[in-house]
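Please have a look at the model first, then work through them with me.

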Amino acid sequence: MKHVFAAVMALCAAPAWAGDWTVLSGADVEEALNDVTLQYDGATQIFYLSGKTLYDHGRPSWGNWTVRGDDYCSEWPPQDGWTCFALERHADGDRLRFVSESGAVTEGVIVE
């Protein structure tokens, strides 16, 4: 019975946790990422106003980013094609997270 109660409490807590994140619209996505550096677990990424992005996980990788509709989209040459994500901002204003169509989440901390 204790396990069932704990599972129910965990489910009840999820909406409050999810409420800490706000899905950003197109203009807000662009504003949130322009000339911003994010720190991930073991990597950094810089989003330049020019639409270039530099991801560094021990080795630099240059790509491109843009906003399409309300989504952040990126491409990483030499591969063709763009991949798009919803962008969410945490209520503390210090974290952003990318949510793929499959629901996978990548969270980064804004570096000042």
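## Salt bridges, step by step

R95 is partly exposed, at 24% relative accessible area (partly exposed lies between buried, under 20%, and exposed, over 50%, with a 1.4 Å probe and protein chains only). A word on the ground rules: this is a predicted model, where local features need pLDDT of at least 70, side-chain atom pairs count only at pLDDT 80 or more, and totals for chains, interfaces and linings use all residues. Residues are numbered from 1 along each chain as its sequence is written, and side-chain values use heavy atoms, leaving out hydrogens and water.

**Exercise 1.** Find the partners that R95 has in salt bridges.

*Solution.* Start with the criterion: a side-chain nitrogen of Lys or Arg within 4 Å of a carboxyl oxygen of Asp or Glu. D92 meets it, with its closest N and O atoms 3.1 Å from those of R95. D92 is itself partly exposed, at 38%. Next comes E107, whose side chain pairs with R95 at 3.2 Å, N to O. R95 belongs to strand β8 (residues 95-99) and E107 to strand β9 (residues 105-111), so this pair ties together parts 12 residues apart in sequence (strands are DSSP runs of E, at least two residues, numbered from the N terminus). E107 is partly exposed too, at 33%. Through shared partners, D92, R95 and E107 join into one network.

**Exercise 2.** Are E88 and R97 buried or exposed?

*Solution.* First, the contact: their side chains form a salt bridge at 2.5 Å, N to O. Then the accessibility: both E88 and R97 are buried.

**Exercise 3.** How many salt bridges does the rule give?

*Solution.* The count comes to three.

Definitions and conventions
Helix = DSSP H or I, 4+ residues; strand = E, 2+ residues; numbered from the N terminus.
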